[in-house]
Amino acid sequence: MVRLEAMVANGTRKQSINNKEDDMKFDFKKLALGVALGFTLLGGAAAVAQDAKHEIVTVVKLSGIAWFNRMEAGVAEYAEETGNNATQVGPASADAALQVQMIEDLIARNVNAITVVPNSPEALEPVLAKALEAGIKVVGHEASSLENVTYDVEAFDNAAYGVHLMEALAQDMGGEGEYAVFVGHLTAKTHNEWVDAAIAYQKEKYPKMTLVGGKIESNEQQQTAYQKTKELLRTYPNLKGIQGSAGEDVVGAALAVEEAGLTGKVTIVGTSLVSVAGPYLETGEIKMISFWDPAKAGIAMNKVAAMAIEGKEVTDGMDLGVEGYNSVKLDGKVIYGQAWVDVTKDNMDEYDF
Amino acid sequence: MSSVSRILATPQGVVFLTALLFALVLSLLNPAFFTPATLIDLLRNSLVTGIFALGVMMVLASGGIDVSCTAIGAFAMYATMKIILGIDFDMPIIGYFLLSAAIGAGLGLLNGILIGGLGLPTLIVTLGTLSLYRGALLTFLGTTYITAVPRKVITFARSVLVRMENAVGQMVSLPYSFLVLLFVAIGVAVLMNFTMFGRKIYAIGGSEEAAARIGIRIRRVKVLIYVIAGAIAGLAGMTHLTLSRMANPFDLVGMELNVIAAVVLGGARITGGHGTVVGTLLGVFVITMINTTLLMAGVPSYWQKFVIGCLIVVGTGLPILIDRFARHRERISRPIGA
């Protein structure tokens with residue numbers, strides 16, 4: 001599911017809402033069985049004298065898609081570097097109930113740490129609480145709202161990311177002119193945080209730029225973004241910049257700009273993936289896209305998990321030794337990096353997702 | 001009846017007047033509105049909804065409803081792209097459309113068998129297959145965007161029928177896929193008005209019982225309706241693909257209510273027996289106008305839904321009220337004992 005939702009940090013996902021209910025109905029018999037099994041295995045595992053190697057398992061939203069394949073590569077790289085037994089598992093469909101089952105199994109196996117990218121943070125709380133009780137360290141990702149975790153690793157602070165995108169837009173627009181912003185949905189928390197921070201930053205730093213049209217909703221549909229961009233261009237013929245939030249925004253905007261014959265006259269930046277926005281990066285309608293690298297996030301999560309197992313604390317300003325996580329910000333249990341990756345025409349070949 | 005109330009007596013009339021009024025207000029707010037360029041833009045934006053709507057109109061005329069059309073379109077478009085990229089077989093762009101239509105027809109056949117063959121309620125069946133087709137698409141065919149579409153699709157998308165500059169010097173164009181809408185519109189119009197099959201559809205929609213008594217084989221007609229509607233949905237899906245220049249399996253589903261709203265605004269009745277091609281296209285045009293041009297007038301996104309809701313209630317309710325009022329007047333003006 002490399003919809004850009006997958007990139008949205010706080011797990012405000014449509015699917016999450018649907019899955020929540022299923023999990024509430026989770027079978028308690030199975031749960032009890034899992035616990036019982038866990039204790040039996042515990043005895044067995046203790047007998048086999050384990051060496052200092054940690055067993056860390058990463059549970060992702062969905063296995064087999066490019067985004068999480070990339071994360072798996074990061075986990076493998078970490079395992080090779082440290083010698084820890086780090087692996088990745090994920091359900092065949094992006095279903096919170098399946099993730100709960102997988103974590104149950106991991107508790108039964110008594111692994112040292114679980115790192116998890118939840119489909120629905122709320123749905124996982126009970127099972128993660130159980131993992132913590134069993135002495136297993138839990139590290140979350142894309143889930144800053146999670147309560148039952150040792151730490152949660154976020155690629156970046158939403159406001160800082162929004163400012164970063166605006167800076168790129170303003171640089172290319174020469175710091176003046178009309179610009180418009182897209183959000184996937186007016187209710188999407190993450191998108192709004194990005195955009196609000198960006199607008200506030202523009203007002204402060206680039207007073208010669210003006211926002212037109214308010215926040216425009218694309219419904220995460222490329223064709224909607226396309227149609228609305230056309231309307232924008234007609235209503236505001238001097239429009240010079242567009243900032244997108246959902247992965248489809250920049251693509252729809254780019255198509256409209258290309259068709260209107262305005263390539264090079266309108267700067268487009270925003271969140272997207274190379275696999276989605278690639279063609280327009282190449283032809284130049286899109287100036288820059290940003291996202292974060294799941295491989296790096298995977299390594300960072302595993303490093304934090306290993307530190308937790310060894311009883312070390314993460315502190316504000318710490319260097320995790322992973323690119324983008326060199327000076328992390330600690331807010332409660334949440335660790336923020338500055339791990340956004342900017343992709344332009346020049347480095348788009350490095351990313352295959 | 002006066003000429004005004006005669007216009008208001010048909011849903012098409014109400015819709016047409018609203019469209020005019022709407023355009024007038026918009027042009028007051030933004031003088032750039034009343035230009036050929038705007039018209040071309042609107043036509044371009046109503047292509048996909050328009051093609052879907054024509055298929056749904058046929059179904060509505062027969063007394064059914066089809067909410068699965070968008071899922072069929074998405075499935076057909078994505079499957080077509082997968083097949084073409086998979087077999088790497090060179091065929092002209094029309095082959096893409098035919099393949100997509102064939103897949104759509106196949107999915108429509110399942111609808112038809114369930115509805116016509118087994119006699120299940122249309123809303124239940126199509127609600128079910130909407131979810132079924134979409135689920136099958138995302139589970140078995142994939143969830144990734146295909147942006148590396150064949151060169152032919154891009155070339156097709158770039159070739160335009162009309163191209164002009166609008167008032168502010170931007171290019172506006174009507175792509176070749178407009179011909180698909182034209183082809184479907186003419187096809188459906190001929191089918192509905194000049195063939196026995198079309199007459200049978202209206203007859204079934206008017207009264208299934210009566211249609212059966214005059215010897216219409218209802219099951220067979222119904223199955224065929226859904227097969228044709230499926231094929232049309234397939235064409236809409238492929239058109240969407242060429243317009244967006246990528247195959248996104250998450251697209252299309254979600255616009256089915258918009259499509260049905262357009263058809264109903266265009267004069268087709270949920271109860272069946274009514275519906276015209278011209279009315280449907282008008283309905284589509286108005287819905288597209290509301291959806292895309294309210295932005296120009298500076299109206300927030302939520303208002304669009306509100307306006308469309310009002311239009312449906314007024315557009316479909318007013319003609320019925322006027323009709324009833326006219327009959328009532330006729331009755332009281334009749335001499336006693338006549």
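A: In chain B, 77% of the contacts with a separation of 6 or more join residues 24 or more positions apart; two residues are in contact if their C-beta atoms, placed from the backbone, lie within 7 Å. This is a predicted model, in which local features need pLDDT of at least 70 and side-chain atom pairs count only at pLDDT 80 or more, while totals for chains, interfaces and linings use all residues. Residues are numbered from 1 along each chain as its sequence is written, and chains are lettered from A and ligands numbered from 1 in the order in which they are written.

The secondary structure of chain B consists of 15 helices and two strands (DSSP runs numbered from the N terminus, with H or I over at least four residues for helices and E over at least two for strands). Chain B has a radius of gyration of 21 Å, close to the 20 Å from the globule rule for 338 residues, so it is as compact as a globular protein of that length. The radius is taken over C-alpha atoms, and the rule is 2.2 Å times the number of residues to the power 0.38. Along the principal axes, the C-alpha atoms of chain B fill a box of roughly 80 × 55 × 35 Å. Of the 338 residues in chain B, 47% are buried, that is, they have 20 or more other C-beta atoms within 10 Å of their own, with C-beta atoms placed from the backbone.

Now the helix pair. Helix α4 (residues 47–61) of chain B packs against helix α9 (residues 178–194) of chain B at an angle of about 15°, and the axes are 9 Å apart. The axes are lines fitted to C-alpha atoms over the stretch in contact, and angles run from 0 to 180 degrees between N-to-C directions. The angle makes α4(B) roughly parallel to α9(B), a term for angles under 35 degrees. The crossing of α4(B) past α9(B) is left-handed, meaning that the near helix is turned anticlockwise from the far one by less than a right angle.

On the α4(B) side, the contact is made by L47(B), G50(B), I51(B), L54(B) and M58(B). From α9(B) come F178(B), V180(B), L181(B), V184(B), A185(B) and V188(B). By class, this contact of α4(B) with α9(B) has ten nonpolar, one polar and no charged residues, where Ala, Val, Leu, Ile, Met, Phe, Trp, Tyr, Cys and Pro count as nonpolar, Asp, Glu, Lys and Arg as charged, and the others, Gly among them, as polar.

Key
Buried ≥ 20, exposed ≤ 12 C-beta atoms within 10 Å, placed from the backbone. Parallel < 35°, antiparallel > 145°, perpendicular 65-115°, else oblique.
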